[in-house]
Amino acid sequence: MLTRRHIRVKVMQSIYAFGQSANENLNAEEKFLQKSMQEMYDLFLLNLDLLVKIKDKAEDFLTKSQKKYLATEEDKNPNLKFVNNRVIQQIEKTEKLSQLLEDRKLTNWSRDEEYVAILWEAVKTSQHYNDYLATRESNYKEDKNFIITIFKEVIAPNEKLYDYLEDRKLTWLDDLPIVNTGLLKLLQRAKASYEQFEIPRLFKSQEDKDFASELFKKTLLNEQAFMEDVSEKTPKWDKERIAEIDAILLKMAICEFLKFPSIPVKVSINEYLEIAKEYSTPKSSIFINGILDKLSKEYKENGKLNKMGRGLM
């Protein structure tokens, strides 16, 4: 689920938090980094399960409508298109999801089902839902497109959901863009031939998990030396004038130059430029690119660039 860029963002956030806190225990902060990534995976699983729980709420609503004393013909013979949505059925049948939710004790929607009800009401009253129920028959493509649309346009942007997630875990709001992008990609890959969904792992490999810890620790343990190299390339700038996020991204990139032999220089530079565009000031990427370009060339000339294999320089 997590790409290397996602991992770099989480490390950046943790280094920033470490700098803001009075805590000097590096190991404790590294454990917090791992914990925050695991909690982001919890959010991914919960948001996927939320689709099923909203469907359950819809099913309960239709059942109760049928039992009304003055039930209309529509109440007695409701349109079951949403509750029979093939994509949601695939998610519901996914044994791995059920097992992960149980193992990680993720019972949020059972404990706080009023938020499921709020989201069901938002779905039910949306134009997307009314358009979807304009007919009683559908194919897999229509079911899939509806779920993707309703998640993007109704569920994900819901302010009540935002408030709830912020109250439950402070880091979840920062994680939402990554989580929602991952969930949409999972839905977009869905096929009619699937019996169950293939739930992605948090880390693609043990190497990626280790990368997060190593990048965090090596950046902080060497940050003074890295910042001295930056200062040499910015003689007219005081340290205080460099945006804090820019300084962190520069130190992380230098750490990859010098401490991670298998990561190409161009990859490191491109990754941190993209992160800067999203998380820092409008001109940060230009500033960072200039510094990293100068430093990478200097390290190469001085034999400090620690890279192994062709094409890594």
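Domain 1 (4-189) and domain 2 (206-302) both contribute residues to the lining of the second largest pocket, so this pocket lies between them. The domain bounds come from an automatic or database domain assignment. A pocket here is, on a 1 Å grid over the protein atoms alone, an open set of points where a 1.4 Å probe fits, with protein on both sides within 12 Å along at least five of seven lines, and lining residues have an atom within 4 Å of a point.

The structure is a predicted model, in which local features need pLDDT of at least 70 and side-chain atom pairs count only at pLDDT 80 or more, while totals for chains, interfaces and linings use all residues. Residues are numbered from 1 along each chain as its sequence is written, and side-chain values use heavy atoms, with hydrogens and water left out.

The second largest pocket has a volume of about 280 Å³, a volume being the space filled by probe spheres set on grid points joined across faces, edges and corners. Its lining has 12 residues, and those nearest the centre are Glu223, Glu244, Ala247, Ile248 and Lys251. Two or more lining residues come from each of α1, α13 (223-233) and α14 (244-259); helices are DSSP runs (H or I, at least four residues), numbered from the N terminus. Helix α14 gives the largest share, four residues. By class, the lining has six nonpolar, two polar and four charged residues. Ala, Val, Leu, Ile, Met, Phe, Trp, Tyr, Cys and Pro count as nonpolar, Asp, Glu, Lys and Arg as charged, and the others, Gly among them, as polar.

The largest pocket holds about 370 Å³ of space. Met1, Thr3, His6, Thr181 and Lys185 are the closest to its centre among 17 lining residues. The elements giving two or more residues to this lining are α1, α11 (172-188) and α15 (265-279), and α11 supplies the largest share, five residues. Domain 1 and domain 2 each provide at least three residues of the lining.

Helix α1 (residues 4-20) also packs against helix α12 (residues 206-221), at an angle of about 35° and with the axes 10 Å apart. Axes are lines fitted to C-alpha atoms, for helices over the stretch in contact, and angles run from 0 to 180 degrees between N-to-C directions.
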